[in-house]
Amino acid sequence: MANSKYEYVKSFEVVDKLLPNTWIVVRIDGRNFHRFSDENEFNKPNDVQALNLMNSCAVAMLEEFTDIIFSYGVSDEYSFIFKRTSQFYERRASKILSTTVSLFTANYVKKWKEFFPQKEMRLTPSFDGRVVCYPSNVNLRDYLAWRQVDCHINNQYNTCFWMLVLNKDKTKKEAQDILKGTQTQDKNELLFQQFNINYSNLPAIFRKGSCVFKDKVEEIVKHTERGDPVKRLRKKVVVSHCDVIGDRFWKDHPWILDE
Ligand code: DGT
Ligand code: MG
Ligand code: MG
Ligand code: MG
Ligand code: MG
């Protein structure tokens, strides 16, 4: 095709290739979900159906973008990790970021009715996104640990806060003042003494957040003539609320970071 005189405008586009041989992490976060969760009357501090909807969108991401090897979600955010060797969109940052954000958002809207059959969605959800490259497995694990520690700190605080507001008739200001300067242990005590709640017995999805990744699962592919099952190991996208800070998970799932 002949070049038009307008073709030169293309040279204004900037190269935005991500560093080769690094883990690509895309983190998306709901825009103004403070308001979105209020308008849609999400349970406080955690709405399990809202979290399940986020998780279902993450599963759809791993099924569609096969270079995503692991993802971690909490509250209104999700982090997607693309494998080191990924050549997805030739590692162009804007392409990877924009398709991740839009596919997730489209799924969120598409799947809403499945998780909230009684609720008409109020407001239009949108997500922001950023992309960061991590050079080493240690850096990547520290990134995930950072998000999971954040999940714990926020969940513990929010659980105390909403228990005080909803069950002890404290104003938000009073609840804030009660919690000011308290440490982890103090908050556990408060929950136990005042509400008979053992923090570690709360659902893991609230305490640990959600991991979505490909796990090896045994599947029966057929039966022999004698009726014995023939099993194969297959990789399947699963949702789990496990600890990703310690070594255990990574020792049990070595294929995730080793590829
Ligand atoms: P942003 O991200 O700067 O646009 O603003 P927000 O409002 O999305 O702030 P962010 O992302 O720091 O905090 C997430 C908000 O979403 C926070 O106000 C609590 C709300 N949220 C997230 N998950 C739930 C939930 O399960 N239940 C309720 N009630 N609220 C939730
Ligand atoms: Mg934010
Ligand atoms: Mg947000
Ligand atoms: Mg957030
Ligand atoms: Mg195109």
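Two residues are said to be in contact when heavy atoms of theirs lie within 4.5 Å. With that in mind, consider Phe-104: leaving aside neighbours within four places in sequence, Phe-104 is in contact with Ile-28, Met-54, Cys-57, Ala-58, Met-61, Tyr-78, Phe-80 and Phe-127.

Good morning, colleagues. The structure before you is a predicted model, in which local features need pLDDT of at least 70 and side-chain atom pairs count only at pLDDT 80 or more, while totals for chains, interfaces and linings use all residues. Residues are numbered from 1 along each chain as its sequence is written, chains are lettered from A and ligands numbered from 1 in the order in which they are written, and side-chain values use heavy atoms, with hydrogens and water left out.

Let me begin with the overall picture. The chain has 9 helices and 6 strands; these are DSSP runs numbered from the N terminus, with helices (H or I) of at least four residues and strands (E) of at least two. Along its principal axes, the C-alpha trace spans about 75 × 70 × 40 Å. Of the 259 residues, 42% count as buried, a word that here means under 20% relative accessible area, whereas exposed means over 50% and partly exposed lies in between (1.4 Å probe, protein chains only). Among contacts in the chain with a separation of 6 or more, 69% are between residues 24 or more positions apart.

I return now to the surroundings of Phe-104. In soluble globular proteins, nonpolar side chains tend to be buried together. A nonpolar core is a set of buried Ala, Val, Leu, Ile, Met, Phe, Trp, Tyr and Cys residues joined through side-chain atoms within 4.5 Å. The largest such core in this model has 33 residues, and Phe-104 is among those with the most contacts inside it, together with Ile-28, Tyr-78, Phe-80, Phe-82, Tyr-108 and Phe-127. Two or more residues of this core come from each of S1, helix H1 (33-39), helix H2 (48-64), S3 and helix H3 (93-115). A second, separate core of 22 residues includes Val-25, Phe-70, Cys-211 and Cys-242.

Next, the metal site. Which residues are the protein donors of the magnesium ion (ligand 4)? They are Asp-29 (OD) and Asp-76 (OD), lying 2.1 to 2.2 Å from the ion. Donors are N, O and S atoms within 2.8 Å of the metal (3.2 Å for Na, K and Ca), and water is not among the atoms, so sites may look incomplete. Asp-29 belongs to strand S1 (residues 23-30) and Asp-76 to the loop between strand S2 (68-74) and strand S3 (77-82), so the pair ties together parts that are 47 residues apart in sequence. The magnesium ion (ligand 2) is 4.8 Å from the magnesium ion (ligand 4).

Asp-29 is partly exposed, at a relative accessible area of 22%, whereas Asp-76 is buried, at 15%. Beyond residues up to four places away in sequence, Asp-29 touches Asp-76, Glu-77, Ser-126, Phe-127 and Asp-128. Gly-30, also in strand S1, is buried at 5% relative accessibility. With the exclusion of residues up to four places away, Gly-30 touches Asp-76, Ser-126 and Phe-127.

The UniProt record, an unreviewed entry, annotates as "binding site" Asp-29, Gly-30, Arg-31, Asn-32, Phe-33, His-34, Ser-75 and Asp-76. Such annotations may be inferred rather than shown by experiment; positions follow the numbering used here and feature names are shortened. Although spread over 48 residues of sequence, these positions cluster in space, with a largest C-alpha distance of 12.2 Å.

I turn to the strands. Two strands pair if DSSP finds at least two bridges between them. S2 and strand S5 (residues 210-223) run antiparallel, joined by 4 bridges, and Ser-71 stands opposite Val-212 in S5. S5 also pairs with strand S6 (residues 229-240) in the antiparallel sense, over 12 bridges, where Lys-216 has Lys-235 in S6 as its bridge partner. S5 and S6 form a hairpin with 5 residues between them, and Gly-227 in the turn has a positive phi of about 90°.

Finally, some backbone details. A cis peptide bond joins Lys-44 and Pro-45, with omega about -5°; Pro-45 sits in the loop between H1 and H2. Tyr-89, although not a glycine, has a positive phi of about 50° and lies in the loop between S3 and H3. Leu-123, likewise not a glycine, has a positive phi of about 65° and is found in the loop between H3 and strand S4 (127-134).
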